Amino acid sequence: MKKIGILTGGGDCPGLNAVIRAVVRRGEQLKAEVLGIRNGWKGLIEGDVEPLTAFSVSGILPKGGTILGTSRVNPLKTTEDRQRLFSNVKRYGLDALIVVGGDGTLSAARELSEAGLKVVGVPKTIDNDLRGTDYTFGFDTAVNIVRDAVDRLHTTAESHHRVMVIEVMGHRVGWIATFGGLAGGADFILIPEKPYRLEDMCTVLDSRRKRGRTFSIVVVAEGAAPAGEPPPEHVGEGTSSGIGFRVAREISERLGVETRVTVLGHVQRGGSPTAFDRVLATRFGVRAVELCAEGTFSVMVGLQGTRIAPVPLSEATAGPKTVDLEVFRDAEIFFG
Ligand code: F6P
């Protein structure tokens with residue numbers, strides 16, 4: 001293995017630079033050159049690349065975002081793009097490609113690996129919805145941002161005796177809402193995996209009020225929906241799916257209390273990664289390079305307990321990893 005390419009695709013998240021740094025540093029130790037591909041699959045189609053060295057990745061560990069840039073470009077959209085991609089792999093003499101991405105980016109990697117591309121995937125998403133890994137990096141940072149927001153909303157909710165509804169990201173799953181809500185001490189949490197009943201939620205919030213707790217915090221995953229209704233239509237297509245505003249209106253109409261809505265949005269994707277995400281991303285990067293050196297391809301690195309192990313890309317991209325309701329049950333203990 002003489003030359004490795006690396007790209008970061010899909011929604012960005014804190015920790016991407018830690019992966020890039022680890023790939024370059026471990027790559028150099030294994031005598032491999034590393035070629036950075038800009039803006040995800042788009043750069044490999046268009047030939048937009050830059051050599052990466054220990055010098056060029058110096059100081060990027062604490063930096064959020066990705067120094068390579070990203071895009072949501074799908075390389076399988078046209079045969080022409082696919083052909084350009086494969087001819088660029090040949091043109092740059094890449095022996096292996098490390099693809100850092102979420103479900104969409106890694107699904108494309110799986111299909112391209114079935115067509116012969118030598119790929120190792122690295123799981124990246126704040127949503128934590130990838131199978132084959134206990135956690136994705138970016139998740140812990142997003143959860144800490146939600147926890148901080150919930151802590152802050154507590155003080156203003158208590159002062160004004162209001163119900164504060166906070167809508168958080170997570171696409172079609174509720175990991176961020178569950179962990180962020182539990183860490184922040186939310187009084188109710190709504191997730192897609194457990195369609196909600198307005199009656200049940202209002203009974204809990206009302207019982208708080210009757211006990212003299214005249215404020216409440218409700219954390220809502222952007223993909224949550226009431227029982228018997230389909231998920232919100234525009235999840236992940238912009239700032240809000242609208243579910244936060246709907247829940248606030250329903251609570252206010254049902255209980256006659258003042259509500260306010262916070263849509264956390266892309267704040268959850270920005271800023272410096274936590275220590276946990278830096279360590280996880282770094283270990284993923286190191287292991288991905290070593291798998292390339294061993295000639296193990298069509299896999300994704302995954303965290304299993306404390307070990308980093310290869311998982312078939314086919315398994316990792318076989319649909320979203322939904323919230324383990326055993327974990328959600330622990331959060332429910334603290335509702336009300
Ligand atoms: O997958 C990460 C994520 O932030 C989701 O939580 C959210 O639904 C979506 O991406 C937002 O996408 P964009 O940045 O394209 O608006």
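**Ligand site and overall fold**

In the predicted model, an N or O atom in the side chain of R72 is placed 3.0 Å from an oxygen atom of the ligand, a polar contact being a pair of N or O atoms within 3.5 Å. The ligand exposes 400 Å² when taken alone, and 83% of that is buried by the protein (accessible areas from the Shrake-Rupley method with a 1.4 Å probe).

The residues around the ligand, each with a heavy atom within 4 Å of it, are R72, T125, I126, D127, M169, G170, H171, E222, G236, G238, H266 and R269. This shell divides into two nonpolar, six polar and four charged residues, with Gly counted among the polar ones.

The protein chain contains 11 helices and 11 strands, defined as DSSP runs of H or I with at least four residues and of E with at least two. Its radius of gyration, taken over C-alpha atoms, is 21 Å, close to the 20 Å that the globule rule gives for 336 residues, so the chain is as compact as a globular protein of that length; the rule is 2.2 Å times the number of residues to the power 0.38. Along the principal axes, the C-alpha atoms fill a box of roughly 70 × 40 × 30 Å.

Residues are numbered from 1 along each chain as its sequence is written, and side-chain values use heavy atoms, with hydrogens and water left out. Because the model is predicted, local features need pLDDT of at least 70 and side-chain atom pairs count only at pLDDT 80 or more, whereas totals for chains, interfaces and linings use all residues.

How values were computed: Polar contact = N/O pair within 3.5 Å; in protein donor to acceptor, adjacent residues only side chain to side chain.
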